[in-house]
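Let's take a friendly look at the disulfides of this protein.

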Amino acid sequence: MMAIVFVAALAGFQYAPDRTMANALVASFTPLMRGDASATDALSVRFGLCPNGGGQNCVVDGDTFWFGGEKYRIADIDTPETHPARCAEEAVLGKAATERLRRWLNDGAFSFEGIGRDSDVHGRKLRIVTRGGTSVGSVLVAEGLARPWEGRRRGWC
């Protein structure tokens with residue numbers, strides 16, 4: 001169906017002297033035609049918490065969760081540790097980041113964006129998680145619950 005809409009819309013622009021609009025249309029439909037998951041926010045389930053680190057469709061901590069039987073690490077942020085926290089301040093902040101991620105995931109459909117590397121050394125899938133083009137990582141950073149990923153973890157104490 002999407003292909004039919006695309007072809008019909010493109011046909012209306014084929015004789016246009018200015019192909020800018022036709023090129024924009026092609027660019028906007030290309031991810032959909034390839035089946036690119038980041039083109040639309042289509043992933044959605046109810047997330048609980050998995051405080052012991054394992055489970056199905058649950059949040060482990062502020063940057064790690066299980067979805068569809070796979071463990072994911074949010075690639076664009078670093079959040080406080082919770083398993084175990086290294087100090088009382090990190091524990092409080094880590095719990096807040098974990099709960100905020102769970103709420104954000106439960107607020108609606110989301111998408112995954114790859115980063116050029118499929119997984120980390122722990123076997124977690126590395127993805128940027130977005131809704132409407134906005135990364136959950138940027139939301140957590142703006143709320144003071146995460147830092148942008150710098151290539152390595154730093155302490156929170």
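Cys 50 and Cys 58 are both buried in this predicted model. The two residues are joined by a disulfide, with 2.3 Å between their sulfur atoms. Turning about the S-S bond by 95 degrees, the link between Cys 50 and Cys 58 is right-handed.

How many disulfides does a search of the whole structure find? The search finds two. The link of Cys 87 and Cys 157 is left-handed, with -105 degrees about the S-S bond. This pair ties together distant parts of the chain, 70 residues apart: Cys 87 sits in the loop between β5 (77-78) and α3 (88-106), while Cys 157 belongs to the segment after β9 (147-148).

Here are the two links side by side:

| Pair | Sulfur-sulfur distance | Angle about the S-S bond | Hand |
|---|---|---|---|
| Cys 50 and Cys 58 | 2.3 Å | 95 degrees | right-handed |

Is Cys 157 buried or exposed? Cys 157 counts as exposed because its relative accessibility is 59%, and the cut-off for exposed is over 50%. Cys 50 and Cys 58, by contrast, are both buried.

Finally, the pairing pattern: with the bonded cysteines of the protein numbered in sequence order, the pairing reads 1-2, 3-4.

Technical notes. Residues numbered from 1 in each chain as written. Predicted model: local features only at pLDDT ≥ 70, side-chain atom pairs only at ≥ 80, totals over all residues. Heavy atoms only, no water. Disulfide = S-S within 2.5 Å. Buried < 20%, exposed > 50% of the residue type's maximum accessible area, 1.4 Å probe, protein only. Helix = DSSP H or I, 4+ residues; strand = E, 2+ residues; numbered from the N terminus.
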